[in-house]
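Q: Hey, could you walk me through this protein model? I'm new to reading structures.

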Amino acid sequence: MNHLNIGIVAHVDAGKTSLTERLLFDAGVITRIGSVDEGSTQTDSLALERKRGITIQSAVVAFRIGDLRVNVIDTPGHSDFVAEVERALRVLDGAVLVVSAVEGVQARTRVLIRSLARLRIPVLVFVNKIDRRGARYADLLDEIAAELGPNCVAMGSVADAGTPDARFTAFAGTDARFAARLAEAFADHDDAFVDAYLDDRVTLTEADFRRALARHVEHARVYPVFFGSAITGEGIDHLVRGIAELLPRVGEEAAEQPLRAVVLKIERGRAGEKIAYVRTRTGTLRPRAAVAFFRRDHGGGVIESSGRTSAVQVFDEGTRLRDADATAGTIAKVRGLAEVRVGDHLGAADGLPTRGLFAPPTLESEVTPSRPAQRPALYAALLRIAEQDPMIDVRGDEATGAISVRLYGEVQKEVIAATLADTYDLRVVFEESRPLYFEKPVGVGEAVQEITGDGVNFFWATVGLRVEPADPGAGIVFRLGVQLGGLPLAFHRAIEESVHGTLRQGVRGWEVLDCAVTLTRTGFAGPLSAAGDFRNVTPLVVGEALERAGTRVFEPTHRFELEAPATCVGAVSALLAGARAVPEEQSTRGDRCLVRGTIPAAELHGVTRRLPESTRGEGVLVSEFEGYRAFTGHPIPIRARTGPDPYDRDRYMLHTLGRVRGS
């Protein structure tokens, strides 16, 4: 059997979950279409999803179209859960981008379009809600083409748009105007087809056009646009045919190749066991099989681990599972891989991403349990939650006991708090979110600590490091300026791990980015030296070198799009000016205005909170990470450092030596 994995993506409230329900209903998987408002849909299984009527976690459901088994991944539409969206996008064979016929291309729709284009994912566009008052057709096509490019092709026409009688009629391949539009869309990439189309001696059939369309959709060159209504079912049959015929499927022959698979999601079973959602690209994943899996470390290197599967269940119909080997193209729940993480690649490290599609979180908040004695339990529970979403980056301060997480927004706080209460019986309070700043070195600094035997260096380790700026977006780059064989490998690892750990707090307390660290000198004292000596002395060298290099505080910035009533332009302009935003483009369409520009991430939450009162509740703002810019405000933000402080030698030595002697 052939397989196809598709994602349904959209701006919040465009109707993607309703479309998933309709697809399952029409395929005979369910006998009643669930309601988002009632919380009875197949994919919104969390209590909070039902309560709020939004998708929070990606969910998988399956149905069949003839000999094709389709796995549908329903993704969140809210900006607080972009990490879920990114993980889903990386395992797709194709996507259905849902656009509301009334609201049209909205701000987050544009963000999704850019991400789909970046990954070259084949896309079908489904314009939903054609039966709703205010539904559009011709100008909406222009709107979609302005974002996806001119090769958006309407697959039919709409009659009585905006009424309960709205109907979608598919174009026939023999329709002269439709054939001409397809040929125009193929022109830049398919000279042979266009030549045949223009040759009066050649008669092209509807099947010829369909095959050519499928070929160009597969390479993300052409975007078919379907119209319909998930609620009434209008146009769904044509979309289903498009899914089956136009998106690239995974054939049975791929199962004969070596195993290549990706971990999409992690959850815990009733007994606390780890369950991995795995999408197999090639090969076959079986129960009781030894499996190697790979991920990137903080420095961009590859870490290899291994485990043995104990059980494999593939998605059958709807949310039902069956025990079976996970052949190429399937999505399976896999048990037994205790050390596996979200994003791991199984079988080989090929294709491990070097950077994310979306920005890391730019907010952090301290989490406090209602009962202080529950801090250890809270920390352990948050680490479990971080298995499902590593981006929250749980951090604990040994000295103060403070626990913090990184966040995209306030809704994410609510989700984490609800999960802690419902799953772990922990009631917590989140402090007000604060922005995350970063430090970058501005010069070059070197330092060395040598084995002296005179009490200056209490550790049996010599370490020399040079710190300097790295390319933007590089993160932390660790380089060797010494021969690898001059030091046991375990000592090298201790140095590199300690470098990354120390740079989580810079001179002003913020995490250091875009920094190159070169190991310039090493030495050890035979059996007297241990990895712990190198792990303990390296932070001192890093701190001294970074202070000599000097750092500057940078703030993350986002590119934003703000839609609001045209009558509210003055209030919106004042709001943006007060938030240090830089508007770059402003346009008006009908009674709506659109403002685009850049804004410090630290100001986003405040703007989002005040936007409703400035726009009579009708404003919508979305953003995506753009980069970092030097902080220009006053005073320069400083963050209190936690744990041993390598920038204060006396305090560091007192803490570290006390810990070593105590152990």
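What follows is a chat about sheets, helices, salt bridges and a few single residues.

Q: What kind of model is this, and how are residues numbered?
A: It's a predicted model, where local features need pLDDT of at least 70, side-chain atom pairs count only at pLDDT 80 or more, and totals for chains, interfaces and linings use all residues. Residues are numbered from 1 along each chain as its sequence is written, and side-chain values use heavy atoms, with hydrogens and water left out.

Q: Okay, sheets. What's the strand order in the open sheet of eight strands?
A: The order is S14-S13-S19-S10-S11-S18-S15-S16, and the pairing is antiparallel. Strands here are DSSP runs of E with at least two residues, helices are runs of H or I with at least four, and both are numbered from the N terminus. Two strands pair if DSSP finds at least two bridges between them.

Q: Which strands sit at the edges?
A: Strand S14 (302-308) and strand S16 (321-323), and each of them pairs on one side only.

Q: How many bridges join S13 to S19?
A: Two bridges, between residues 290-296 of S13 and residues 345-346 of S19, and the strands run antiparallel. Within that pair, Phe-293 stands opposite Leu-346 in S19.

Q: Which helix packs on that sheet?
A: Helix H10 (residues 375-388), which touches strand S10 (260-268) and strand S11 (274-282). Contact means heavy atoms within 4.5 Å. The direction of H10 makes about 145° with that of S10. For such angles, axes are lines fitted to C-alpha atoms (for helices, over the stretch in contact), and the angles run from 0 to 180 degrees between N-to-C directions.

Q: Is Glu-387 buried or exposed?
A: Glu-387, which is found in helix H10, is buried because its relative accessible area is 18%. The cut-offs are under 20% for buried, over 50% for exposed and partly exposed in between, with a 1.4 Å probe and protein chains only.

Q: What does Glu-387 touch?
A: Leaving aside neighbours within four places in sequence, Glu-387 is in contact with Ile-266, Arg-268, Lys-274 and Val-342.

Q: And Ala-377, where's that?
A: Ala-377 is in helix H10 too. Ala-377 counts as partly exposed because its relative accessibility is 40%.

Q: New topic: what's the order in the sheet with four strands?
A: That open sheet runs S26-S27-S30-S28, with mixed pairing. Strand S26 (445-449) and S28 are at the edges with a single partner strand each, so one side of each has no neighbour in the sheet. From one strand to the next, the twist averages 20°.

Q: How many bridges pair S27 with S30?
A: Nine bridges, in the antiparallel sense, between strand S27 (residues 461-469) and strand S30 (residues 515-524). Leu-465 stands opposite Leu-519 in S30.

Q: What packs on this sheet?
A: H12 touches S27, S28 and S30, and its direction makes about 155° with that of S28. Helix H13 (residues 531-549) touches S26, S27 and S30, at about 35° to the direction of S27.

Q: Switching to charges: how many salt bridges are there?
A: The count comes to 48 salt bridges, where a salt bridge is a side-chain nitrogen of Lys or Arg within 4 Å of a carboxyl oxygen of Asp or Glu.

Q: Which residue does Arg-286 form one with?
A: Asp-325, with the closest N and O atoms 3.3 Å apart. Arg-286 lies in the loop between S12 and S13, and Asp-325 in the loop between S16 and strand S17 (326-327), so the pair ties together parts that are 39 residues apart in sequence.

Q: What about Asp-514?
A: Asp-514 forms a salt bridge with Lys-440, where the closest N and O atoms are 2.8 Å apart. Asp-514 lies in the loop between strand S29 (511-512) and S30, and Lys-440 in strand S25 (residues 438-441), so the pair ties together parts that are 74 residues apart in sequence. Asp-514 is buried, and so is Lys-440.

Q: Which residues are linked in a network of salt bridges?
A: Arg-110, Glu-147, Glu-561, Glu-563, Glu-585 and Arg-596.

Q: Last one: where is Arg-288, and is it buried or exposed?
A: Arg-288 is found in the loop between strand S12 (284-285) and S13. Arg-288 is exposed because its relative accessible area is 61%. Its phi is near 60°, a positive value in a residue other than glycine.
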